[in-house]
Amino acid sequence: MKKVAGSIQRKTMLYETGVEYGDYTMNHVLGCAHGCKFPCYAYLQKKRFGQVSCYEEWCKPYLVSNTIQLLYKEIPKLKNKIESVQLCFTTDPFMYEYDEIAKMSIEAIHLLNSYGIRCTVLTKGLLPIELADKKKYPLDNEYGITLISLDEAYRKKMEPAAAPYIERLEAMKALSEAGCRTWVSMEPYPTPNLIEQELKNLLEAVSFTDRIIFGRTNYCTDVTKGYPQHKFFYNQKAKEVINFCTERNIAYHIKEKTVTE
């Protein structure tokens, strides 16, 4: 197991967000060790505001040591306003091979549930099977993974320190089979110049899940140059996701700007 680079403290933990995964979110880690090569919104945001100086620093995560204390303070004040809390918006709650982070995430979910607040989780790590314990986590939480391919060579190239695709898929499937609600984020889905693959194979692999979110790769970067047909490509793939989910009664959401005229 890996160790975090250190710890920091914050003045607040819960805050409102406009994303569809939850009206509130929490980020109890600064940085992410997964080292993704496509543009990382979280890193760019933290660099812009001077919280990290470079990508190498970003890849050395710091745990927010007073997370649970802040939650005990903030939850009673906000619990009547919060519909659900997303873990996380600018980091990963189950960062691969970081037990310290996973332990705090589990404790936070348990605490939020004890106040009647649902949680939505998204990770490129491994979802722990203990989240299926309905006595400890009694609410209708949603546990999700990011999955944009099944090709490990592509994962090693683009998400070098994240969990292997098959492992994160199997961990989520175990929760699904235990009766938990699960979901998949297929974003940023790659175009053929990045990798040749069949979307139908990926969809079939996650056909057990309750919800699929599909989104494009940002075509304004050096990483993604060289595929002028990307608008047509994403229009077609979005239709494929919609048809697949409709036929199997799976909830879906196509991210904004994925489908274009």
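This is a predicted model: local features need pLDDT of at least 70, side-chain atom pairs count only at pLDDT 80 or more; totals for chains, interfaces and linings use all residues.
Let me begin with the asparagine, N27. N27 sits in the loop that runs between β3, residues 24–26, and β4, residues 29–30. Is N27 buried or exposed? Its relative accessibility is 4%, and because buried means under 20%, N27 counts as buried. Which backbone atoms does its side chain reach? One is the backbone nitrogen of F89, at 2.8 Å. Another is the backbone nitrogen of T90, also at 2.8 Å. Leaving aside residues up to four places away in sequence, N27 touches R10, M13, Y15, V64, C88, F89, T90 and T91.

Just after the helix, G179 takes a positive phi of about 100°.

My last topic is the aromatic rings. How many aromatic pairs are there? The count comes to six. One of them joins Y43 and Y55: the ring centres are 4.7 Å apart and the planes stand at 75°, so this pair is edge-to-face. The pair links distant parts of the chain, with Y43 in helix α1 (residues 41–48) and Y55 in helix α2 (residues 55–58), twelve residues apart. Y43 counts as buried, at 10% relative accessibility, whereas Y55, with a relative accessible area of 22%, is partly exposed.

A further pair, Y189 with F214, is tilted, at 5.3 Å centre to centre and 45° between the planes. Here too distant parts of the chain are linked: Y189 belongs to strand β9 and F214 to strand β10 (residues 211–216), 25 residues apart. Y189 is buried at 1% relative accessibility, and F214 is buried with a relative accessible area of 0%. Both rings belong to a cluster in which ring pairs link Y189, F214, Y227, F233 and Y234.

Finally, one arginine deserves mention alongside the rings: R211 lies over the face of W183, at 4.7 Å from the ring centre.

Key: Residues are numbered from 1 along each chain as its sequence is written. Side-chain values use heavy atoms; hydrogens and water are left out. Helices (H or I, at least four residues) and strands (E, at least two) are DSSP runs, numbered from the N terminus. Buried means under 20% relative accessible area, exposed over 50%, partly exposed in between (1.4 Å probe, protein chains only). A polar contact is a pair of N or O atoms within 3.5 Å; within protein, one must be able to donate a hydrogen and the other to accept it, and residues adjacent in sequence count only if both atoms are side-chain atoms. Contact means heavy atoms within 4.5 Å. Rings of Phe, Tyr and Trp (its six-membered ring) pair if their centres lie within 6.5 Å; planes under 30 degrees apart count as stacked, over 60 as edge-to-face and the rest as tilted. A charge sits over a ring if NZ of Lys or CZ of Arg is within 6 Å of the ring centre and within 35 degrees of the ring normal.
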